[in-house]
Amino acid sequence: TDTTAEVRHFIDVDDLSRDELFAVLDRAAAYKLAQQNGDDHADLAGQTLGMLFQKPSTRTRVSFETGMTQLGGHAIFLGADDIQLGRGEPLKDTSRTLSRYVDCVMARVFKHENMEVLAEYADVPIVNGLTDDAHPCQTLADLLTIREHFGGFDGVSGSEASGGSSDGRSDGVSVTWIGDGNNVAQSLVLGCAITGIDLTVVTPPEHAVDDAVVERAAELGEAPETTTDPLEAVAGANVVYTDVWVSMGQEDERDTRLRRFDGFQVNETLLEAADDPVVMHCLPAHRGEEITDDVIESDQSIVFEQAENRLHAQKALLATLVE
Ligand code: CP
Ligand code: NVA
């Protein structure tokens, strides 16, 4: 039977409509509560997730596998070098074969186009577990974390930030992304546009987010403000979010990158310019490069809440796509 037309993939955040995105966040919060209360939520009983990895992972791998277990299903880890893909079997054949066995495939690959190939040939939902260009599952967890912390996206309860627009930022939650305009940043740009979060992206000029992503954000809602001055960009921010300067696969560019990112480190001095912000990082962090150890270990840091929320957000996503 031809079921391809109905298959929903999650290649980037905007594969969900605004209503669907909020529904996933609500469901994630419900799963989080269910898990805390020990309530049964085996919504994917008997279902199997294939997890294809061309790059390493701690959080994505463990949160997806654990999530499937908690939903009553099962997950299979498929390291690219452990399956025939590593010996040259085409991705399109891998995709069609996996579709005959599993109910959903989560994949982490280098080239974003390869995620699109997987989706084109799959008869089951394909979930992007990170490409060179996007990391939408991270964004789901980040939005859940921000919503939990601030009680919504519209205003900062109990803070003078709401109403105070002397720094030119809106009344809602304001987020500053600082560092590399990378995969995590690009999906966050889309997520903030959809949810109406006031986002500023500050990067060295060579490492800005792609123009196409900014244009897409403008179509979805508001495009982020983009700048190259870190101190100015964090002024008034409720959230300061960073990620590594050298992503997986960019090891050869390390020296050049470290030079260009000079001045972009999230440290106590930088944070003094913000509005008593919380600090986010998708992890893994390179302490002493993009962020200092004392900031990550401080009360301002909510990085492990973020990491935990990967689990809850992805369970909600899987249940939505697979059910
Ligand atoms: N944040 C994140 O995706 O971490 P892993 O690389 O450990 O999966
Ligand atoms: N930008 C980082 C994120 C890791 C989760 C990378 O791609 O390596």
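Reply: Ligand 1 sits in the largest pocket. Two terms need explaining here. A pocket is found on a 1 Å grid over the protein atoms alone: it is an open set of points with protein on both sides within 12 Å along at least five of seven lines. A cavity, by contrast, is a set of points where a 1.4 Å probe fits but cannot get out, and lining residues have an atom within 4 Å of a point. A molecule sits in a cavity or pocket if more than half of its atoms lie within 2 Å of its grid points.

Some ground rules come next. This is a predicted model, in which local features need pLDDT of at least 70, side-chain atom pairs count only at pLDDT 80 or more, and totals for chains, interfaces and linings use all residues. Residues are numbered from 1 along each chain as its sequence is written, chains are lettered from A and ligands numbered from 1 in the order in which they are written, and side-chain values use heavy atoms, with hydrogens and water left out.

Start with ligand 1. Its shell is made of Ser-57, Thr-58, Arg-59, Thr-60, Arg-108, His-135, Gln-138, Cys-282, Leu-283 and Arg-310. A residue belongs to such a shell if one of its heavy atoms lies within 4 Å of the molecule. By class, this shell has 2 nonpolar, 5 polar and 3 charged residues. In this scheme Ala, Val, Leu, Ile, Met, Phe, Trp, Tyr, Cys and Pro are nonpolar, Asp, Glu, Lys and Arg are charged, and the others, Gly among them, are polar.

Now look at single atom pairs. A polar contact is a pair of N or O atoms within 3.5 Å; within protein, one must be able to donate a hydrogen and the other to accept it, and residues adjacent in sequence count only if both atoms are side-chain atoms. An oxygen atom of ligand 1 is 2.8 Å from a polar backbone atom of Arg-59. A nitrogen atom of ligand 1 is 2.9 Å from a polar backbone atom of Cys-282. For Leu-283, a polar backbone atom also lies 2.9 Å from a nitrogen atom of ligand 1. On its own, ligand 1 has 260 Å² of accessible area, and the protein covers 95% of this. Such areas come from the Shrake-Rupley method with a 1.4 Å probe; for residues, only the protein chains shown count as cover.

Next, ligand 2. Around it are Leu-130, Asn-182, Asn-183, Val-184, Asp-243, Val-244, Ser-247, Met-248 and Leu-283. This shell splits into 5 nonpolar, 3 polar and 1 charged residues. Here side chains make the contacts listed next. An N or O atom in the side chain of Asn-182 is 3.3 Å from a nitrogen atom of ligand 2. Asn-183 places a polar side-chain atom 2.8 Å from an oxygen atom of ligand 2. The side chain of Ser-247 has an N or O atom 2.7 Å from a nitrogen atom of ligand 2. Alone, ligand 2 exposes 270 Å², and the protein buries 94% of that.

Helices (H or I, at least four residues) and strands (E, at least two) are DSSP runs, numbered from the N terminus. Leu-283 counts as buried because its relative accessibility is 11%. Buried means under 20% relative accessible area, exposed means over 50%, and partly exposed is in between (1.4 Å probe, protein chains only). Leu-283 has a positive phi of about 65°, although it is not a glycine. The peptide bond from Leu-283 to Pro-284 is cis, with omega near 5°. Pro-284 lies in the loop between β9 (278-281) and α11.

Leu-130 is in the loop between β4 (126-128) and α5 (136-150). Leu-130 is buried because its relative accessibility is 6%.
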